[in-house]
Amino acid sequence: MAGDTSDSPAEPAPRTDTAAAGSGPEPKPRKRRRGLWSVTLPGCWGALLFGCLSFTPSLLPRGGILQGLICGIDAALGYAAGVLAARVWRAFADRDPRPPRRRSWTVLFLGAAVLFGLSFGFGQYWQYRIRELMGVSDYNVPLAVVSPLVAALVFGLLLLTARGVRGLYRRLVRLLKRWIGPRAASAVGWIAVAALVWALVTGLLLDGLVGLANNAFSVRDTTTEEGAHRPTTTLRSGGPGSLVPWDSLGLQGRNFTGTGPSKGAIEKFTGRPATEPIRSYSGLASSDDTESRAAQAVADLTRQGGFRRANLLVMTTTGSGWVDPAAVDTFEYLSGGDSATVAIQYSYLPSWLSYLVDQSKAREAGRALFDAVYDTWSKLPSGNRPRLFVAGESLGSFGGETAFSGEYDLRNRTAGTLFAGPPAFNTLFREFSDHRDAGSPEVRPVYKGGRTVRFTNDPAEKIPPADRPWNGTRVLYLMHPSDPIVWWSPRLVYAEPDWIGQHPGDDVLEQMVWLPLVTFWQVTADLPFAADVPSGHGHTYVTEYVDAWHAVMRPADVTAQDLDRLKDIIAADK
């Protein structure tokens, strides 16, 4: 237990007087209870070790507050590990705990000053290197200085929480001993307290916080951002004649249909006559369930003439219904506007929170939307069908994958697929990566010689394997080496992944190493800030869509200079 204090310094027993000198046996000294803040020497060494290791680099730059949070959590884990190690050692040595000598505490304090100081210094240097790799200039010196204080506060709160749980367990055991034996009381007490903690964390805290967030973001979903205007064309959901009311689209739906490149902007880029792109969308308020929202979006797409366009894109959104404008705008520019895009909303929650709690909704939405589109598309004469593409970013890639069973299904039912920043739990992504060709690294795997599915960190370079043919349908995964969404997994707690053991990638420090427990919390802390770095790093995909879509769509008469100009357009719109 993290709160064990069996190795804490011994305290002198209080003096007692006998009732009368030489009369009767001397009473036993009363054992004084240790305070809440008493600590053990093995636990402190464990906390120091884990706290120092928390300064090792991870995927993204860390500010002072975040570093303090990680350090405090790791220190608490280290304290628990130290206490557990001491108990195991005593069990094998078959001896009781002994109070440490005063010299042992002196050694600890001196060692802590030296080790923590060195770790803090190296940590700041590594953070400087990461910021340099990513072109990040923001650095708050005062917050970096106070990070050890934040760590101490977090460590103290976690220690008190653990001891509160331990105290509850002991009280329950004493109560149960009135009716059952000591061993049974200990077992029942442990099970009861563990169940209570689990219920509080997953039920009251997690469900309660998710519920509050859902309510808050549902209110935000009724607003409209500046720059998004109700369409005046019949080619957009929410516009004249639309089957989906403007007010029901939600915040991100209105952003999707109320913005985007116009016919004139596309003509300016291509230098040729263009077509106004079609965009169809259905929000949470548009219909009661996922299947009916998908049907509504496809019905509006049919009304708009989307199935008569040359290129049709099925876009699975992130949690809040967000569609990355860089992905869709690029698709429309490269198709000369002769395109239609359809998407639906399945949650109010932002992407990073949906990533943790809304996976089932993303799966249902991705499958329902593609199935509804494919049902109409497959009934068209083969010569009059648009080229069918699928795309999604982050949780959208997870939802987009669920409509397909594997490589052959993607190749047979689509003209091309582009998934950006796929989470590690994506079924097909995991299958392709885990069964990659021998010798290919996890950060840029090669699957089946790259015949259909390929992976890239930078699509502007040659996509490996560049010397092998890539005919027919192209499926491309776009992922940055520094994207924590791609690499986070519960397995980081206990197993070293290949992407760390191998060369980690161009924007990840080689000094990043895997450490049990520590690396998991470092990458977990990176998740909420995955998109707070410049394009080309972390979970920020912007101009990469230009070269990625160019590789997947293979449009005619588009030069390298055209791609450079389009990157400037996409970056400016972002």
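Is Arg303 buried, partly exposed or exposed, and what is its relative accessible area? Arg303 is partly exposed, with a relative accessible area of 29%; buried means under 20%, exposed over 50%, and partly exposed in between (1.4 Å probe, protein chains only). The model is predicted: local features need pLDDT of at least 70 and side-chain atom pairs pLDDT 80 or more, while totals for chains, interfaces and linings use all residues. Residues are numbered from 1 along each chain as its sequence is written, and side-chain values use heavy atoms, without hydrogens and water.

**View 1. Salt bridge of Asp300 and Arg303 in helix H8.** The closest N and O atoms of the pair are 2.7 Å apart; a salt bridge is a side-chain nitrogen of Lys or Arg within 4 Å of a carboxyl oxygen of Asp or Glu. Both residues lie in helix H8 (residues 290–304), three residues apart, about one turn of the helix. Helices (H or I, at least four residues) and strands (E, at least two) are DSSP runs, numbered from the N terminus. Asp300 is buried, with a relative accessible area of 0%. The structure holds 12 salt bridges.

**View 2. Salt bridge of Arg436 and Asp498.** Here the closest N and O atoms are 2.7 Å apart. Arg436 lies in the loop between H14 and strand S6 (453–456) and Asp498 in helix H16 (residues 498–501), so the pair ties together parts that are 62 residues apart in sequence. Arg436 is buried at 16% relative accessible area, whereas Asp498 is partly exposed at 38%.

**View 3. Asp74, buried without a salt bridge.** Asp74 is in helix H2 (residues 64–93). Its nearest side chain of opposite charge, Arg62, is 7.5 Å away; Lys and Arg count as positive and Asp and Glu as negative, with His and the chain ends not counted. Leaving aside neighbours within four places in sequence, Asp74 is in contact (heavy atoms within 4.5 Å) with Phe50, Ser54, Leu517, Val518 and Trp521.

**View 4. Nonpolar surface patch.** Leu168, Leu196, Val197, Leu200 and Val201 together have about 370 Å² of accessible area, computed by the Shrake-Rupley method with a 1.4 Å probe, only the protein chains shown counting as cover for residues. Patches are made of residues with over 30% relative accessible area and no salt bridge; like charges are joined within 9 Å, nonpolar side chains (Val, Leu, Ile, Met, Phe, Trp, Tyr) within 5 Å. Helix H5 (residues 182–220) gives the most to the patch, with four residues. Val201, in helix H5, is partly exposed at 43%.
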